[in-house]
Amino acid sequence: MLDPYIPLVLMFALAFGFAVFSVAIAPLVGPRRYNKAKLDAYECGIEPSPPPVTGGGRMPVAYYLTAMMFILFDIEMVFLFPYAVSADSLGMWGVAAVVLFVVSFGLADIYLWRRGGLDWN
Amino acid sequence: MGPVQAGAVVLAQQPVEPPPIEYAAIAPVLLMLTAACVGVIVEAFLPRHQRWSVQVGLSLLTLVVAGVALGAYARGAGTGLTTLAGTIAVDTPTLFLWGTLLALGFASILLIADRSVEQGGAFVAESDASSGSSGLGASSGLSASSGPARGATADSSAPSPTMTRATAGVSGMRTEVFPLAMFSLSGMMVFCAANDLLTMFIALEVLSLPLYLLCGLAKRRRLLSQEAAVKYFLLGAFASAFFLYGLALLYGYSGSVKLAAISEATAGSDRSDTLLFAGIGLLVVGLLFKASVGPFHAWTPDVYHGAPTAVTGFMAACTKVAAFGAILRVLQVALEASSWEWHYVLWTVAVLSMLIGVVLGLTQTDIKRMIAYSSIAHAGFLLVGAIALTDRGLSGTLFYLLAYGFTTVAVFGVISLVRTSEGEATHLSGWAGLAKRSPLVAAVFTFLLLALAGIPMTSGFMGKFYVFSAAVTDGMVPLVVIALVASAAAAFFYLRVIVLMYFNEPAADGPTVSVPGAFTTAAITLGVVVTLLLGVLPTLAWNWANVGGFVS
């Protein structure tokens with residue numbers, strides 16, 4: 001009765017095992033070449049924010065528009081894939097609904113484009 | 001694995017019948033959402049100097065048309081119906097709440113649109129936005145080394161090529177506030193009509209996210225405004241998580257997110273009560289947060305204080321209406337059968353809310369914070385009506401929401417008028433002797449404060465009367481006694497401001513009272529007239545609020 005769940009449990013076990021294995025094995029077999037960048041705190045690939053000095057610790061946020069657009073399209077895909085799978089059974093009504101969805105998503109993109117959010121300088 | 005997948009594929013092959021949609025019933029919401037989308041297009045394509053007038057016209061016109069559509073539908077509407085596969089219930093309370101929201105939204109948009117009190121509007125201009133923390137297009141090259149990057153951002157107020165294109169003048173305001181407010185209003189309308197918890201959650205996000213942004217757009221005191229926005233966002237996200245967790249547990253308990261199905265499941269079943277209790281608790285915490293009730297109020301003073309005053313008015317009036325609309329529906333439709341489980345919990349919450357609002361309100365020295373605590377106390381009074389699970393409790397709370405909303409919008413309209421060269425003079429010391437400088441504004445403000453205190457001949461009195469009498473009928477006499485004591489104590493800090501305005505000498509370098517432009521005048525007048533009218537002729541709204549209950 002629980003048969004369908006056994007692969008799931010196995011996958012969890014495998015994932016957990018792999019994580020533990022990777023962390024445990026890395027210090028033993030990996031090379032150790034430390035430099036300044038490696039000892040920095042990791043903060044999504046950019047320089048860690050400077051400590052708040054007078055006037056506020058500032059950092060460039062130019063990438064945030066790109067990141068937000070990525071999320072926008074990501075979420076759009078999340079909804080479009082399930083639609084694509086069952087497009088046949090949803091019929092013309094489904095097409096209309098998806099077109100409405102994509103158009104309202106497009107509004108945000110148009111706004112971004114017109115306001116110079118796509119220019120990288 | 002095999003059979004399960006095959007089954008799923010077979011299921012997907014069957015044609016899906018689209019749910020029937022009552023377009024006439026949901027026309028107001030559709031109109032509002034369409035207008036918000038059009039507003040975004042306007043922002044994208046119209047030249048800068050035309051945007052303000054087009055946005056104001058579009059927003060106000062849509063609110064009026066949506067109101068007309070609502071009125072036309074309400075005329076022939078029966079007891080109510082559910083549409084969109086049972087996710088939206090358009091019943092009498094929904095229609096009343098929608099009407100209230102549209103009217104309050106109209107007054108709030110008028111306040112937001114004002115450009116005469118603060119030169120160019122109370123909202124940050126695009127060229128100023130980056131001097132705080134964020135501005136679309138305010139980008140400097142992402143540099144690998146820290147020196148140049150910091151140097152580049154330090155003078156980010158200097159116009160970069162993209163910003164010059166977006167910025168034609170310095171005095172204009174960010175007209176994005178109008179689409180944002182419209183999106184937020186649409187979310188509120190769906191929120192109080194949502195007949196299942198998932199729709200309610202989506203609506204909660206649609207109403208909240210624009211509000212977070214609006215809070216951070218004040219032209220003056222940018223840091224305070226941004227702090228308010230971040231605080232509201234973080235705490236709001238936290239509260240949304242509570243709501244979602246409660247939703248998940250209730251789904252686990254009843255097997256459905258529909259309010260009616262949850263109600264059925266709670267009425268006489270041998271399912272695990274743990275899921276039900278935890279679910280109700282978490283869900284209600286999420287809702288009470290939005291309504292700024294009692295111990296979940298921590299964000300209220302800071303956000304009310306930091307947000308632009310027009311937005312505070314919008315937030316205080318409309319969000320409270322929407323949140324209490326949803327609370328009423330959840331309590332009366334989904335959780336009525338289990339009311340003996342949560343009744344005394346919410347009883348205590350109502351007492352705490354009144355206590356916190358009144359006691360902390362007495363100690364405030366800033367007028368916006370004082371009104372914030374007053375709104376917490378009012379949330380307690382509203383909750384008294386909401387937990388009286390009778391028709392009179394429902395209609396009393398609806399009436400109270402309408403009355404309180406208009407008074408609050410007008411109060412914030414008046415607050416925006418009292419200014420120094422630094423901006424609004426929100427510290428109470430600035431209000432000393434105001435009656436000598438501007439008798440009319442002082443008189444209007446006195447009237448509004450008396451309405452908040454619940455003096456007869458104002459809508460505040462009638463609201464309290466309806467709510468408390470419903471609670472007494474429902475057998476909550478001790479709670480009503482506490483509420484009466486609380487409103488008497490709350491009257492003290494309203495009276496303190498009145499005494500300050502009339503019987504103190506004005507400071508030599510005190511604030512001046514700006515002459516309001518047409519928009520602010522209209523908003524304040526609307527608020528005052530409704531406050532007076534509902535105090536004298538409460539039946540105007542009462543008859544409408546009192547016609548029917550929820551359908552599900």
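**Close-up views of a predicted two-chain model**

**View 1. Helices H19(B) and H21(B) pack at an angle of about 170°.** Helix H19 covers residues 439-453 of chain B and helix H21 covers residues 477-503 of chain B, with their axes 9 Å apart. Axes are lines fitted to C-alpha atoms, for helices over the stretch in contact, and angles run from 0 to 180 degrees between N-to-C directions. H19(B) and H21(B) are therefore roughly antiparallel. Angles under 35 degrees count as roughly parallel, over 145 as roughly antiparallel, 65 to 115 as roughly perpendicular and the rest as oblique. From H19(B), the contact includes Phe445(B), Leu449(B) and Leu452(B). From H21(B), it includes Tyr494(B), Val497(B) and Met501(B). Contact means that the C-beta atoms of two residues, placed from the backbone, lie within 7 Å. By class, this contact has 13 nonpolar, one polar and no charged residues. Ala, Val, Leu, Ile, Met, Phe, Trp, Tyr, Cys and Pro count as nonpolar, Asp, Glu, Lys and Arg as charged, and the others, Gly among them, as polar.

The model is predicted: local features need pLDDT of at least 70, side-chain atom pairs count only at pLDDT 80 or more, and totals for chains, interfaces and linings use all residues. Residues are numbered from 1 along each chain as its sequence is written, while chains are lettered from A and ligands numbered from 1 in the order in which they are written.

**View 2. H10(B) meets H12(B) in a left-handed crossing.** Helix H10 (residues 222-254) and helix H12 (residues 273-290) of chain B pack at about 150°, axes 7 Å apart. H10(B) and H12(B) are therefore roughly antiparallel. A crossing is left-handed if the near helix is turned anticlockwise from the far one by less than a right angle, and right-handed if clockwise. Among the residues in contact are Phe242(B), Phe243(B) and Tyr253(B) of H10(B), with Leu282(B), Phe289(B) and Lys290(B) of H12(B). The classes are 16 nonpolar, six polar and one charged.

**View 3. H4(B) also crosses H22(B) in the left-handed sense.** Helix H4 (residues 92-113) and helix H22 (residues 518-536) of chain B pack at about 150°, with axes 7 Å apart. Ala107(B), Leu110(B), Leu111(B) and Ala113(B) form the H4(B) side of the contact. Phe519(B) and Leu526(B) are among their counterparts in H22(B). Eight nonpolar, two polar and no charged residues take part.

**View 4. Strands E1(B) and E2(B) form a hairpin.** Strand E1 (residues 80-83) and strand E2 (residues 88-91) of chain B run antiparallel, joined by four bridges. Two strands pair if DSSP finds at least two bridges between them. Helices (H or I, at least four residues) and strands (E, at least two) are DSSP runs, numbered from the N terminus. Thr83(B) stands opposite Ile88(B). Four residues lie between the strands, and Leu84(B) takes a positive phi near 55°.

**View 5. An open sheet of three strands has the order E4-E3-E5 in chain B.** The pairing is antiparallel. E4(B) and E5(B) each have a single partner strand, so one side of each is left without a neighbour in the sheet. Arg419(B) has Thr512(B) of E5(B) as its bridge partner.

**View 6. Confidence in chain B has a mean pLDDT of 86.** pLDDT is the predictor's confidence in each residue, from 0 to 100. In chain B, 89% of residues reach 70 or more. Residues 127-171 of chain B stay under 50. The model scores ipTM 0.77 and pTM 0.85.
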